[in-house]
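Visitor: Can you walk me through this one? I'd like to start with where the chains meet.

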Amino acid sequence: MKLFSCIQIAMYSLNYKLQSHRFSIQTGNRKLADLCSPLYPNSRFRHNSHADIIYSLKMRTDSVTGTIYEILVNGKKKYRTNSKSELFSQLEWIVTCNTLSHLREFFQIHAGAVVKGRKVILLPAGHGSGKTTLTLSLTRNHYRCLSDDIVLIDPKSLMVIPFPRSFLIKEDAIKKLTRSNLIDKRNGYYCRSDDTLYFNPDTGNKLSTRKIKPYAIVELKHNRRFKNELRPVSKSQMCIKLLRQSFNVHDYKRKAVTILTGLVRKSKCYSLKTNNVDDAVRLISQI
Amino acid sequence: MEINEDFVPATKGCIEIEELDDGCILYDTEKDEAHSLNITAASIWTCCDGKHSIKEIATIVEERFEPKSKSVVEDIIKIIKVFSKKELLRS
């Protein structure tokens, strides 16, 4: 007589390492594991080791609710949806927020970052200022992208640490950037629920993790009516602008001012006003 | 508080300064607020020591910057009023 029956369910475990933070995404569903492949692809980590956070993805179907997807964080239910695409965007958002929360040892700035040779250029700017378009265009002009959206600064050494989040490109920009050959929709995940492409440039090459001090900090302002102009700006003003673009200034308070004054002291500070991306690239290349 | 050329401004003890080549950042440790000053305003700030009147500060600024404006005292009064409005000065 058979006393026990045992069914072994395959468990897919995707491991990630972003600086000191390690996390793992686990699921018993192959399709959900595949769904996660465009999520932080350059931070995948092969070895199974201690994870600070475990995200579990579950899928179940019944005749009443249809297919339900769930995100559990360390075993606790955090999100529930019946859209697979929404599952991806929510997971990306939860992972990004938790990762930033774990990386408070770094000063975090809302900025793009590119590098050519030893020259790292920071591009602090708010949403809708053309940061993504400019960063992508610079990568077509011999620059390497370090970050599109988030830059980490080591408070002690003032080095820039790349944060490899996907480029989040909205529907209206996708067509424009595809026409300009700046993106290829195949290198990312198109999320129908929020009409956003999570684009990963150079998925084949790991992003440089080498730390470099910024050479220049360029504040972006984009408007069709602007004349194209790159002009030096005062370091004290740039410092205030960087404070406004910080994600974790409240963790640092007074120390934030010391970090940022240290950063601007050693960097060239500019304001870039442009009405088109080609001229923006040309002006930045002159730095 | 009337701010005129005889006024002797003094900075609050809770304001810390980070100097830069072209100005400075003031940090109010009580309110957790930061303010940027250009190089002229930064020089005036360092003179707000509770010992110099605005008239005396104007003489120091004139020696340091050779300003083009004839109304240095008036310009300094304006800046001191901004400091006062931002509650950076002792009342």
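Guide: First a definition: two residues are in contact if their C-beta atoms, placed from the backbone, lie within 7 Å. The model is predicted.

Visitor: OK, how many residues of chain A are in contact with chain B?
Guide: 14 residues of chain A, and they touch 15 residues of chain B.

Visitor: Which elements of chain A give two or more residues to that side?
Guide: Those are α5 (235-244) and α7 (254-265) of chain A.

Visitor: And how do the residues on the chain A side divide?
Guide: Into five nonpolar, five polar and four charged.

Visitor: Switching to chain B. At what angle do α2 and α3 of chain B pack?
Guide: Helix α2 (residues 54-65) and helix α3 (residues 72-85) of chain B pack at about 115°, and their axes are 9 Å apart. Angles of 65 to 115 degrees count as roughly perpendicular, so α2(B) is roughly perpendicular to α3(B).

Visitor: Is that crossing left-handed or right-handed?
Guide: The crossing of α2(B) and α3(B) is right-handed.

Visitor: Which residues make the contact?
Guide: From α2(B), B:Ile54, B:Lys55, B:Ile57, B:Ala58, B:Val61 and B:Glu62. From α3(B), B:Val72, B:Val73, B:Ile76, B:Ile77 and B:Ile80. Nine residues of this contact are nonpolar, two are charged and none is polar.

Visitor: Back to chain A. What is its average pLDDT?
Guide: Chain A averages 89, with 93% of the residues scoring at least 70.

Visitor: Where in chain A is confidence lowest, and where highest?
Guide: Lowest in helix α4 (residues 171-179) of chain A, at a mean of 86. Helix α2 (residues 84-102) of chain A is highest, at 95.

How values were computed:
Residues are numbered from 1 along each chain as its sequence is written. Chains are lettered from A and ligands numbered from 1 in the order in which they are written. This is a predicted model: local features need pLDDT of at least 70, side-chain atom pairs count only at pLDDT 80 or more; totals for chains, interfaces and linings use all residues. Axes are lines fitted to C-alpha atoms, for helices over the stretch in contact, and angles run from 0 to 180 degrees between N-to-C directions. Helices (H or I, at least four residues) and strands (E, at least two) are DSSP runs, numbered from the N terminus. Angles under 35 degrees count as roughly parallel, over 145 as roughly antiparallel, 65 to 115 as roughly perpendicular and the rest as oblique. A crossing is left-handed if the near helix is turned anticlockwise from the far one by less than a right angle, and right-handed if clockwise. Ala, Val, Leu, Ile, Met, Phe, Trp, Tyr, Cys and Pro count as nonpolar, Asp, Glu, Lys and Arg as charged, and the others, Gly among them, as polar. pLDDT is the predictor's confidence in each residue, from 0 to 100.
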